[in-house]
Amino acid sequence: VADTATATNNSMYATNLTDEENATLQQKVTEAQNAADQAIDKATTNAAVTKAQTNGVNAINGIKVPTESADKEAAKKAVADAATAKNKAIDASNLTDEEKATLKQEVTEAQNA
């Protein structure tokens, strides 16, 4: 059970998650591991130990580690929406094509940053 928990925790660091998202997932892993350890400690037969181990491993493996940060994706979408709105405002202005192009380049640079 501990090896499975360690592997799951390590897989979180290979993602694009925020520290808070990692901490939440690690807490879930710790809770699943603790529950499995308690079930193993309470087991009175070899079969019950095996079942508690299997259930614990399955619980830990059932914790989904997303490959993308939901918070980061939401932030990127908000920035993209703001850039789209700004570009529409630029298009609707009475500026010259050159002025519009310059402003749109600034929007693109700000979005990329």
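How many helices and how many strands does the protein have? The protein has five helices and zero strands, where helices (H or I, at least four residues) and strands (E, at least two) are DSSP runs numbered from the N terminus. Along the sequence, the pattern reads α-α-α-α-α.

Before I continue, a word on the basis of this talk. This is a predicted model, in which local features need pLDDT of at least 70 and side-chain atom pairs count only at pLDDT 80 or more, while totals for chains, interfaces and linings use all residues. Residues are numbered from 1 along each chain as its sequence is written, and side-chain values use heavy atoms, with hydrogens and water left out.

Let me turn to the overall dimensions. The protein has a radius of gyration of 24 Å, whereas a compact globule of 113 residues would have one near 13 Å. That radius is taken over C-alpha atoms, and the globule rule is 2.2 Å times the number of residues to the power 0.38. Taken along the principal axes, the C-alpha atoms fill a box of roughly 80 × 20 × 15 Å. Of the 113 residues, 24% count as buried; buried means under 20% relative accessible area, exposed over 50%, and partly exposed in between, with a 1.4 Å probe and protein chains only.

I now come to the packing of two helices. Two packed helices are described by the angle between their axes and the distance between the axes. Helix 4, residues 70–92, and helix 5, residues 97–112, pack at an angle of about 175°, with their axes 10 Å apart. The axes are lines fitted to C-alpha atoms, for helices over the stretch in contact, and angles run from 0 to 180 degrees between N-to-C directions. Helix 4 and helix 5 are therefore roughly antiparallel to each other. Angles over 145 degrees count as roughly antiparallel, under 35 as roughly parallel, 65 to 115 as roughly perpendicular and the rest as oblique.

Which residues of helix 4 and helix 5 make the contact? Helix 4 contributes Val79, Ala80, Ala83, Lys86, Asn87, Ile90 and Asp91, and helix 5 contributes Lys100, Leu103, Lys104, Val107 and Gln111, contact meaning heavy atoms within 4.5 Å.

Side chains of opposite charge can pair when their charged atoms come close. A salt bridge here is a side-chain nitrogen of Lys or Arg within 4 Å of a carboxyl oxygen of Asp or Glu, and by this rule the count comes to three.

One of them joins Asp91 and Lys104, whose closest N and O atoms are 2.6 Å apart. This pair links distant parts of the chain, with Asp91 in helix 4 and Lys104 in helix 5, 13 residues apart. Asp91 is partly exposed at 42% relative accessible area, and Lys104 is partly exposed at 28%.

Another salt bridge brings together Lys77 and Asp81, at 2.8 Å from N to O. Because Lys77 and Asp81 are four residues apart in helix 4, about one helical turn separates them. Lys77 is exposed, at 53% relative accessible area, whereas Asp81 is partly exposed at 42%.

Glu73 also forms a salt bridge with Lys76, the closest N and O atoms being 4.0 Å apart. These two residues of helix 4 are three apart, and so are separated by about one helical turn. Glu73 is partly exposed, at 35%, as is Lys76, at 49%.
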